[in-house]
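Visitor: I would like a close look at one part of this model. Please take me through the core and what surrounds it.

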Amino acid sequence: MKYKYNGHLTFEERVDEVANEIIKVYPVDKETALKLAAMEEVISSSNIIDIKYKRLSNILRYVNDENIKSRVIKDILNEYKNEKEKNTRLDDYISNLVDSLKYNLDLPIY
Amino acid sequence: MVKNKFGAIYSVDSDGKYSLTEIVFVDYDDAIDDFKIKTGEFKGDTKKEIDLIKTNTNDFLSVPNKIELEEEKNDKSLILFENDYLNEIMDKYDCEESEAILILSNKLIKILFEKDENGNLMTKEDDTELEFSLDDVNSIYNDYNDEEDEEQNYGMDVIDKVISQCLGASVRVQSMNVKITLNPENKEKNEAATKPSDNVFKELDDIKERALSNPPASPASSIDPKKIISETSKKIVGQENTIKVLVNQIYNNQMIIDDVLKDGELDVTELDSRKASILLDGETGTGKTAILKDIAKQLGLPIVIASSTNFSGTGYVGASVTDLLKDLLEQADGDLDMAERGIIVFDEVDKIAFQKNAIAGVDMKEEVQHELLTFIGGGEYEVAKDGYPFGGSVKFNTSKNTFILSGAFTNLREEKIESVKKSSHVMGFSANEEVVKNEYTVTPEDYIRYGLMREFFGRIKVLTSTNSYNIDDFKNILINSKISPLANFEKTVKMYGYKGINYSDEFLNKVAEEGISMKTGARGLQTVMSGILNNMLDGLINGEFDKDKPITLTPELLDNYKKIFTRKF
């Protein structure tokens with residue numbers, strides 16, 4: 001999935017572009033993808049780590065399809081494994097995510 | 001419910017190349033997600049024999065993931081198009097038949113439709129292919145996309161749904177145009193709609209001839225700089241002068257390229273002496289990148305932004321120089337001419353400034369500046385195969401590119417502001433009087449003193465800067481910018497069926513103050529509004545707010561906006 005700079009785009013353009021990125025990877029319908037995209041901050045700097053995990057955590061929380069959810073979880077954990085610049089916020093999110101899966105708790109927000 | 005749809009059947013060969021097999025008509029039953037093909041070679045085949053790639057109901061065509069396509073087990077797949085729009089148009093104008101022209105990357109396919117006695121769309125004749133070159137196709141697309149011809153505009157929102165890469169690199173569906181052949185008895189409706197073409201082939205032949213005799217227009221000839229300045233200023237407010245300078249200079253560079261090229265040959269020396277490189281000075285978060293990206297988008301020029309700190313004495317590390325050019329080529333969809341006119345921005349150029357008497361790092365920074373100067377001077381670079389979609393490497397000449405150096409130059413700014421304050425004090429203003437002068441001037445000598453090599457200013461002919469923001473500017477952005485975080489917040493709220501938002505001046509003030517405190521420029525506003533949205537999101541999605549009136553945003557919402565997560569222990 002690409003996380004392109006979109007600070008110069010209008011709301012509609014940005015949300016459409018991000019929604020299309022989501023649809024490229026996960027088989028969600030366009031309406032859901034647009035709503036997921038609208039939850040994101042504008043990508044206006046080269047540091048995309050927060051945007052990336054926020055996007056994935058939103059898909060995980062708000063898409064009901066279990067197949068998609070399990071794919072997203074795998075993707076989050078793979079991304080984390082390969083992440084060069086970890087930080088406390090990310091570490092805590094992953095820890096909360098693992099706890100929520102083990103003990104059947106609400107999925108965390110990034 | 002069974003719907004009559006048309007779609008494209010394609011296959012993937014062992015090299016991963018896609019090819020379009022046939023356009024077919026399908027009865028699609030959305031209740032059981034199955035279909036039956038009614039026309040052509042695959043008549044009668046269903047989902048069991050052919051993999052169905054689902055489309056979205058709200059958009060004309062979804063773009064399926066290429067990786068997903070490669071995982072399909074069958075060797076044939078079907079993409080269905082939403083032809084409800086065609087049905088609607090045909091009913092509205094009481095048409096007996098209509099035509100769709102699918103413009104692919106290397107061919108044109110005309111499909112004739114008609115309705116059967118049950119009102120279902122059917123193909124009238126076999127599909128017809130016409131072989132055109134890519135330039136011809138682009139010219140035809142531009143002809144059908146004439147925004148000034150309002151009579152054709154009923155099809156424009158179909159054309160605007162550009163369907164790219166859905167069938168892979170070898171066959172790309174670029175657009176679809178719908179032309180209606182009207183029932184000659186309906187004179188009134190005829191007048192309201194576009195006149196039909198009696199002989200589509202003749203018309204297409206005429207277009208082809210025009211395209212071949214008139215080469216595609218360069219960017220400059222169709223641009224209105226005033227319109228671009230106006231549109232960009234509506235998005236990035238408070239930077240009108242900077243936007244005007246950048247638009248006019250980039251536009252002027254394009255005009256110079258056209259002028260130098262009009263004799264057929266590229267005189268690099270003349271181009272180099274007339275074209276301007278630009279230095280853009282501005283604090284973080286004042287819209288430098290947003291302005292450049294928006295201008296490039298409106299001009300239709302590709303743009304790449306790279307950090308100067310990635311250059312080393314031995315070249316560009318992390319990514320090579322040719323990677324930047326490859327990026328430009330990709331953005332230009334493989335059009336080398338367009339890529340060579342693109343904009344290359346070197347950001348953080350203040351970080352490679354050096355002082356000759358500094359203890360460490362001078363040699364390296366000086367080498368880096370030399371490297372950058374060489375690149376800006378223009379040259380020819382070999383860009384690798386996968387940067388050019390039709391195969392083979394390409395020689396990329398950077399003489400026509402517009403180069404922009406940008407940076408924050410924080411120390412220089414602080415020094416200048418301090419100097420202005422001191423000189424106001426010396427001139428006799430007391431501590432209680434307002435300092436009227438809140439601006440300073442910068443010259444190339446200041447940047448040379450700061451640590452940029454004098455040789456840069458042989459090439460940099462334009463210096464411009466973005467203004468720093470204060471609280472009033474932030475409030476202006478929140479209320480007036482087309483990309484305002486507050487306007488975006490309201491649009492998100494409305495997506496969930498609410499009546500929008502209202503807010504007090506106190507709320508605006510608090511958001512602006514919090515935004516300023518982050519010291520990240522206008523990004524601070526996004527962070528604040530995003531934090532508020534984050535806290536309200538569950539409530540919005542689950543309908544916990546009153547849907548009969550706008551949601552009121554209060555200053556208290558900012559008390560908790562920094563809360564990111566709770567940790568169980």
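Guide: This is a predicted model. Start with a term: a nonpolar core is a set of buried Ala, Val, Leu, Ile, Met, Phe, Trp, Tyr and Cys residues joined through C-beta atoms within 7 Å. The largest such core has 68 residues. Within this core, L292(B), I295(B) and I343(B) touch the most other members. Helix α10 of chain B, residues 288-299, gives the most to this core: six residues.

Take I343(B). Neighbours within four places in sequence aside, I343(B) is in contact with I250(B), L292(B), A296(B), L301(B), I303(B), T402(B) and I404(B). A separate core of 25 residues lies apart from this one, and includes Y53(A), V72(A), Y93(A) and I94(A).

Now the strands. β15 of chain B spans residues 343-347 and runs parallel to β18(B), joined by four bridges. V345(B) has I404(B) as its bridge partner in β18(B). Strand β11 of chain B, residues 277-281, also runs parallel to β18(B), again with four bridges. There, L279(B) stands opposite L405(B).

β18(B) itself covers residues 402-407, and six of its six residues are buried. T402(B), I404(B) and S406(B) point one way from the strand. F403(B), L405(B) and G407(B) point the other way.

Last, the contact between the chains. Chain B brings 28 residues to it, chain A 27. On the chain B side, α10, α18 (485-495) and α20 (523-541) each supply at least two residues. That side divides into eight nonpolar, 10 polar and 10 charged residues.

Methods:
Residues are numbered from 1 along each chain as its sequence is written. Chains are lettered from A and ligands numbered from 1 in the order in which they are written. This is a predicted model: local features need pLDDT of at least 70, side-chain atom pairs count only at pLDDT 80 or more; totals for chains, interfaces and linings use all residues. A residue is buried if 20 or more other C-beta atoms lie within 10 Å of its own, exposed if 12 or fewer, and partly exposed in between; C-beta atoms are placed from the backbone. Two residues are in contact if their C-beta atoms, placed from the backbone, lie within 7 Å. Ala, Val, Leu, Ile, Met, Phe, Trp, Tyr, Cys and Pro count as nonpolar, Asp, Glu, Lys and Arg as charged, and the others, Gly among them, as polar. Two strands pair if DSSP finds at least two bridges between them.
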